[in-house]
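Reader: I would like to go through the terms used for this model and see what each one rests on. Please set the values against the cut-offs.

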Amino acid sequence: RDWSSDVCSSDLKRLFSKDILFRQVFLVIADILTVMAASSMALWVRFDFSVAKIDEKYLEYIWAGMVPNVLGVVVIYWFFHLYRSVWKYAGVYELQRILFAGVMATLVQLAGFAIAGFRMPRSYWFLYAGALIAITTFVRFSYRLLRRIKSQMEDKRTGELSRVMIVGAGSAGDALIREIMESQYLHKRI
């Protein structure tokens with residue numbers, strides 16, 4: 001029996017499953033909107049929260065470089081596996097990848113703008129990186145928050161919570177508590 005063909009076909013089925021593909025498309029769309037929002041917010045904050053104070057040339061630079069910037073961010077995020085993570089278990093490792101990807105995307109945009117001759121205020125780059133990282137983190141981790149809220153609402157509605165006490169166990173106990181609280185199948189109150 002050739003086991004390698006079974007493994008490859010199951011990996012391909014999992015890679016192209018409708019659920020995973022839907023999540024990836026949703027995240028790409030969210031990232032496109034994130035780049036647009038981060039670019040605009042950085043200028044808005046830089047010019048004292050006043051759209052009227054923003055010089056027209058900066059807005060022109062932003063919109064002229066938007067398509068390459070969006071494509072660069074999506075490629076960099078893909079390279080940093082931000083479309084393949086299981087976000088319901090996101091933690092410090094995923095946060096670290098978001099941070100590195102955001103810094104890398106900002107540096108790539110900076111280089112592209114320098115090559116194109118677009119001069120932006122120095123503070124724009126720090127504000128852009130901060131906004132890009134913050135919005136990306138919010139979008140990715142909001143999945144966990146929404147899932148937890150949904151689970152808690154279902155638990156209250158059913159009213160079938162049995163009480164559980166966990167003694168000791170250190171980090172294993174912490175992982176067990178987290179799993180019980182986030183599981184849609186377990187209806188327990190710690």
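Reader: What is the handedness of the crossing where H2 passes H4?

Author: In this predicted model, H2 passes H4 in a right-handed crossing. Helix H2 covers residues 18-46 and helix H4 residues 66-79.

Reader: Why are H2 and H4 called oblique to each other?

Author: Their axes come within 10 Å and cross at roughly 130 degrees. Roughly perpendicular ends at 115 degrees and roughly antiparallel begins over 145. The angle of roughly 130 degrees falls between those limits, so H2 and H4 are oblique.

Reader: Which residues make the contact between H2 and H4?

Author: H2 contributes Gln24, Val28, Asp31, Ile32, Val35, Met36 and Ser39. From H4 come Met66, Asn69, Val70, Val73, Val74, Tyr77 and Trp78. By class, the contact has 10 nonpolar, three polar and one charged residues. Asp counts as charged, and Asp31 of H2 is among the residues of this contact.

Reader: What makes H2 and H3 roughly antiparallel?

Author: The axes of H2 and helix H3 (residues 56-64) come within 11 Å and cross at roughly 165 degrees. An angle over 145 degrees counts as roughly antiparallel, and H2 and H3 are therefore described that way. Their crossing is right-handed.

Reader: Where do H2 and H3 meet?

Author: Met36, Ser39, Ser40 and Leu43 in H2 meet Tyr58, Leu59, Ile62 and Trp63 in H3. This contact divides into six nonpolar, two polar and no charged residues.

Reader: At what angle do H4 and H5 pack?

Author: H4 and helix H5 (residues 92-116) pack at about 145 degrees, with their axes 9 Å apart. H4 passes H5 in a right-handed crossing. Asn69, Val73, Ile76 and Tyr77 in H4 meet Ala101, Gly102, Met104, Ala105, Val108 and Gln109 in H5. By class there are seven nonpolar, three polar and no charged residues. Gly counts as polar, and Gly102 of H5 is one of the residues in this contact.

Reader: How many of the chain's 190 residues count as buried, as a percentage?

Author: Of the 190 residues, 32% count as buried. The chain has seven helices and two strands, which run α-α-α-α-α-α-β-α-β from the N terminus on. Among contacts between residues at least 6 apart in sequence, 73% join residues at least 24 apart.

Reader: Where is confidence lowest and where is it highest?

Author: Confidence is lowest in helix H1 (residues 3-15), at a mean of 52, and highest in H4, at 97. Over residues 1-7 the pLDDT is below 50, and this stretch has one contact in the model beyond near neighbours in sequence. The mean pLDDT of the chain is 85, and 85% of its residues reach 70 or more.

Technical notes. Residues are numbered from 1 along each chain as its sequence is written. This is a predicted model: local features need pLDDT of at least 70, side-chain atom pairs count only at pLDDT 80 or more; totals for chains, interfaces and linings use all residues. Side-chain values use heavy atoms; hydrogens and water are left out. Axes are lines fitted to C-alpha atoms, for helices over the stretch in contact, and angles run from 0 to 180 degrees between N-to-C directions. Helices (H or I, at least four residues) and strands (E, at least two) are DSSP runs, numbered from the N terminus. Angles under 35 degrees count as roughly parallel, over 145 as roughly antiparallel, 65 to 115 as roughly perpendicular and the rest as oblique. A crossing is left-handed if the near helix is turned anticlockwise from the far one by less than a right angle, and right-handed if clockwise. Contact means heavy atoms within 4.5 Å. pLDDT is the predictor's confidence in each residue, from 0 to 100. Buried means under 20% relative accessible area, exposed over 50%, partly exposed in between (1.4 Å probe, protein chains only).
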